[in-house]
Amino acid sequence: HSASDRLSRDSVQSFTTEGVLRVAKKDFEITNNIRTLRFFAEEMTQQQLAEKVGASRQTIIAVEAGKYSPSLELAFRIADAFGRPIGEVFEYKKLEA
């Protein structure tokens, strides 16, 4: 496993010009309602959603679980798949310091 595999999902990584890994705490959280929306969309499977948005099932699993933040394009495609505004699918919250 690489160093990045061991970072928590609450951390952001960046490399300095010397190649030293720096970890900074995120001051925000992105949550989603994908599981609920899939349930109300005739119990759409993760595979069906993946096919609708042009992503892999593994990507949908990671996004739904909050382990991966999708690109802006994928986030809009997911919202479009449910016919919802992006703000009803994803929520950005600032964390208290």
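Tutor: First, a definition: a polar contact is a pair of N or O atoms within 3.5 Å; within protein, one must be able to donate a hydrogen and the other to accept it, and residues adjacent in sequence count only if both atoms are side-chain atoms. Keep in mind that this is a predicted model, where local features need pLDDT of at least 70, side-chain atom pairs count only at pLDDT 80 or more, and totals for chains, interfaces and linings use all residues. Residues are numbered from 1 along each chain as its sequence is written, and side-chain values use heavy atoms, with hydrogens and water left out.

Student: Got it. Which side chain does Gln46 join in a polar contact?
Tutor: That of Glu64, at 3.2 Å. Gln46 itself lies in helix H2, residues 46-53; helices are DSSP runs of H or I with at least four residues, numbered from the N terminus.

Student: And what else is Gln46 in contact with, leaving aside neighbours within four places in sequence?
Tutor: Besides Glu64, there are Arg38, Arg57, Ile60 and Ile61. Contact here means heavy atoms within 4.5 Å.

Student: How many salt bridges turn up in the whole structure?
Tutor: The search finds 3, each defined as a side-chain nitrogen of Lys or Arg within 4 Å of a carboxyl oxygen of Asp or Glu. In one of them, Glu64 pairs with Arg38, with the closest N and O atoms 2.7 Å apart. That pair links distant parts of the chain, as Glu64 is in helix H3 and Arg38 in helix H1, 26 residues apart.

Student: Are Glu64 and Arg38 buried or exposed?
Tutor: Both are buried, meaning under 20% relative accessible area, while exposed is over 50% and partly exposed is in between (1.4 Å probe, protein chains only).

Student: What about Arg77, which partner does its side chain meet in a salt bridge?
Tutor: Glu73, at 2.5 Å from N to O. Arg77 counts as partly exposed because its relative accessibility is 39%.

Student: Changing topic: how many residues are in the largest nonpolar core?
Tutor: It has 16, where such a core is a set of buried Ala, Val, Leu, Ile, Met, Phe, Trp, Tyr and Cys residues joined through side-chain atoms within 4.5 Å. Ile34, Leu49 and Phe82 are among those with the most contacts inside it.

Student: Which helix gives the most to this core?
Tutor: H4, with 6 residues.

Note on methods. Helices (H or I, at least four residues) and strands (E, at least two) are DSSP runs, numbered from the N terminus.
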